[in-house]
Amino acid sequence: MSCIFCRIANKEIPAKIVYEDDKVLAFHDINPQAPYHILVIPKKHISTLLELTEEDKDLIGHIYLVMNRLARELGVAERGYRVVVNCNEEAGQTVFHVHFHFLAGREMHWPPG
Ligand code: AMP
Ligand code: ZN
């Protein structure tokens with residue numbers, strides 16, 4: 001299997017995991033862009049947001065609730081956090097397994113780069 005995030009989900013390569021359940025895995029980004037930079041992925045392989053289907057609606061809602069929980073556990077819920085999902089090349093997607101960037105711990109800028 002060549003997908004790096006499937007390999008992390010299968011524990012074939014290591015990651016600093018902060019949350020896991022049967023559907024979702026959350027781990028620290030290897031190249032953090034903020035004091036807290038966690039990637040939340042579905043364990044199921046979905047290449048991009050465009051590949052989401054009706055059957056994934058609960059899964060995506062669940063991912064937002066996991067990030068909600070992370071924000072509280074990390075103590076950044078009130079200060080704030082940002083969620084970013086890049087879809088395809090022009091948006092900056094480099095790993096083609098859907099992942100939600102959870103970013104927190106510093107002031108975020110707008111518009112994003
Ligand atoms: P994107 O550019 O939106 O596709 O984001 C891919 C993210 O995955 C980047 O922020 C990378 O730093 C991160 N990344 C790539 N490989 C790994 C890895 N093995 N463990 C953790 N994060 C990774
Ligand atoms: Zn994958």
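I count two strands as paired if DSSP finds at least two bridges between them. Helices (H or I, at least four residues) and strands (E, at least two) are DSSP runs numbered from the N terminus.

This is a predicted model, in which local features need pLDDT of at least 70, side-chain atom pairs count only at pLDDT 80 or more, and totals for chains, interfaces and linings use all residues. Residues are numbered from 1 along each chain as its sequence is written, chains are lettered from A and ligands numbered from 1 in the order written, and side-chain values use heavy atoms, with hydrogens and water left out.

Entry: sheet. I looked up the strand order and found an open sheet of 5 strands, β1-β2-β3-β5-β4, with antiparallel pairing. β1 (17-20) and β4 (81-84) are the edge strands, each pairing on one side only. I then checked β1 against β2 (residues 24-28): 3 bridges join them, and Glu 20 stands opposite Leu 25.

Entry: helix. I find α2 (residues 57-74) packed on the sheet, in contact (heavy atoms within 4.5 Å) with β1, β2, β3 (36-42), β4 and β5 (100-104).

Entry: cores. I take a nonpolar core as a set of buried Ala, Val, Leu, Ile, Met, Phe, Trp, Tyr and Cys residues joined through side-chain atoms within 4.5 Å; buried means under 20% relative accessible area (1.4 Å probe, protein chains only). The largest has 18 residues, and Ile 63, Leu 70 and Phe 102 are among those with the most contacts inside it. α2 gives the largest share, 7 residues. I noted that Leu 70 touches residues including Val 18, Ile 38 and Val 40, leaving out those up to four places away in sequence.

Conventions
Axes fitted to C-alpha atoms, helices over the stretch in contact; angles between N-to-C directions. Buried < 20%, exposed > 50% of the residue type's maximum accessible area, 1.4 Å probe, protein only.
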